[in-house]
Amino acid sequence: MSNAGKEVVLGVDLGGTKILAAVVDREGNIIARNKKKTKAQRESGEILERIETCCREAADAAGLPLNEITAVGIGSPGPLDPIQGVVLETPNLNLSNAPIAPFLNEKLGVPVFLDNDVNVGTFGEFTYGAGKGKKHLIGIFLGTGVGGGVILDGKPFHGASLNAGELGHMKIMAYGAKCGCGQRGCLEAYASKTAMIARIQKRVSKGKISLLTEITGGDWTKLTSSAFVKALEANDKIASREIQRAAKFTGVAVGALLNILSPEMVVIGGGLVEAMPDEIMPIIRRHAEMNCFPIMYQKAEIVPAALGDDAGVLGAAAIAWKRSAEG
Ligand SMILES: [Zn+2]
């Protein structure tokens with residue numbers, strides 16, 4: 001099958017361990033994919049070159065010359081400047097003041113647009129996933145950390161600093177548990193996998209029994225979403241309590257967001273939610289409802305994310321379509 005003459009963009013998901021690139025059409029169909037290791041601790045020039053190569057190989061895999069690619073969209077960890085296309089600083093990548101978009105624009109000869117990875121994931125759900133056809137949407141992604149994105153009137157909302165949407169660091173407990181950001185009481189300090197594992201570890205070290213010890217062989221880095229599913233199926237109290245707690249705090253945060261922004265939809269993503277939506281979503285909805293005005297709750301759907309691991313590349317593609325059309 002020839003892809004010549006078909007309108008496509010390139011969506012790039014830049015992470016600490018891998019770079020994913022996909023050639024995507026307007027409807028969100030992935031025509032070709034490519035993957036490369038990031039080698040995040042190498043010099044920033046080398047990382048930029050690896051992104052460039054990853055893009056070129058993805059276009060090759062689709063059988064398309066670069067001049068047939070309409071635009072490139074990139075999702076990267078931040079903070080960053082989405083207007084200038086510059087990554088300011090990231091904890092897991094050796095990039096500071098790295099002009100990703102201008103660099104790739106020059107090398108590839110194609111317009112390049114950059115945004116925060118979680119904004120991009122949220123925009124992917126908004127364009128091609130659970131939020132198709134909505135106008136105002138919030139995404140919350142529960143993973144190693146907790147990320148979020150806000151779409152208002154069909155656009156990612158960036159605010160004055162251009163870095164709005166740090167929903168994982170909204171305070172849900174005044175001066176509560178310590179967070180990785182250096183402050184206290186953030187949602188991330190209660191609902192991230194890192195926080196959950198730390199609490200489980202502590203309880204087990206105090207002599208509590210959990211099936212999770214057996215499943216992970218005591219290596220807590222192996223505490224995956226599927227390990228939680230297994231433990232829950234066996235009615236493991238420690239696992240169940242921790243999941244319920246993370247879902248409760250996420251629900252409280254969703255309630256606050258509904259009160260402030262009244263979106264039509266809140267999409268909840270991340271491995272745990274995808275692995276057990278039926279356990280987690282009802283708890284989130286219940287606590288959201290208890291923590292906002294009834295009208296805000298009635299007007300909002302609170303749903304699990306639909307795109308899974310493809311949210312990054314599809315969202316980056318959606319950003320490329322949107323911003324290239326704006327000119
Ligand atoms: Zn924080």
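Mentor: Domain bounds are those of an automatic or database domain assignment. The model is a predicted one, in which local features need pLDDT of at least 70 and side-chain atom pairs count only at pLDDT 80 or more, while totals for chains, interfaces and linings use all residues. Residues are numbered from 1 along each chain as its sequence is written.

The assignment for this protein gives domain 1 as 8-117 + 310-326 and domain 2 as 130-305. The C-alpha centres of domain 1 and domain 2 are 27 Å apart. Domain 1 supplies 7 residues to the contact and domain 2 supplies 6 residues (contact means C-beta atoms, placed from the backbone, within 7 Å). On the domain 1 side, the touching residues comprise 4 nonpolar, 1 polar and 2 charged; here Ala, Val, Leu, Ile, Met, Phe, Trp, Tyr, Cys and Pro count as nonpolar, Asp, Glu, Lys and Arg as charged, and the others, Gly among them, as polar.

Helices (H or I, at least four residues) and strands (E, at least two) are DSSP runs numbered from the N terminus, and two strands pair if DSSP finds at least two bridges between them. Strand 9 (residues 137-142) runs parallel to strand 12 (residues 265-269), and 5 bridges join them. Across this pairing, Phe-141 faces Gly-269 of strand 12.

The 25 residues of helix 8 should span 36 Å at 1.5 Å a residue, and its end C-alpha atoms are 36 Å apart, which agrees; the expected span is 1.5 Å times one less than the number of residues.

Most residues other than glycine have a negative phi, and most peptide bonds are trans. The classes are buried for 20 or more other C-beta atoms within 10 Å, exposed for 12 or fewer and partly exposed in between, with C-beta atoms placed from the backbone. Tyr-175, also not a glycine, has a positive phi of about 50 degrees. Tyr-175 is in the loop between strand 11 and helix 4 (188-191) and counts as exposed, because 9 C-beta neighbours lie inside 10 Å.

For context, consider another region of the chain. Ser-76 belongs to strand 4 (residues 69-76) and counts as buried, because 26 C-beta neighbours lie inside 10 Å. Beyond four places in sequence, Ser-76 touches Leu-14, Val-87, Ile-100, Leu-114 and Asp-117. Of these, Val-87 stands opposite Ala-98 in strand 7. Strand 6 (residues 86-89) and strand 7 run antiparallel and are joined by 2 bridges. In the loop between strand 4 and strand 5 (80-81) is Pro-79, joined to Gly-78 by a cis peptide bond with omega of about 0 degrees.

Methods
Contact = placed C-beta atoms within 7 Å.
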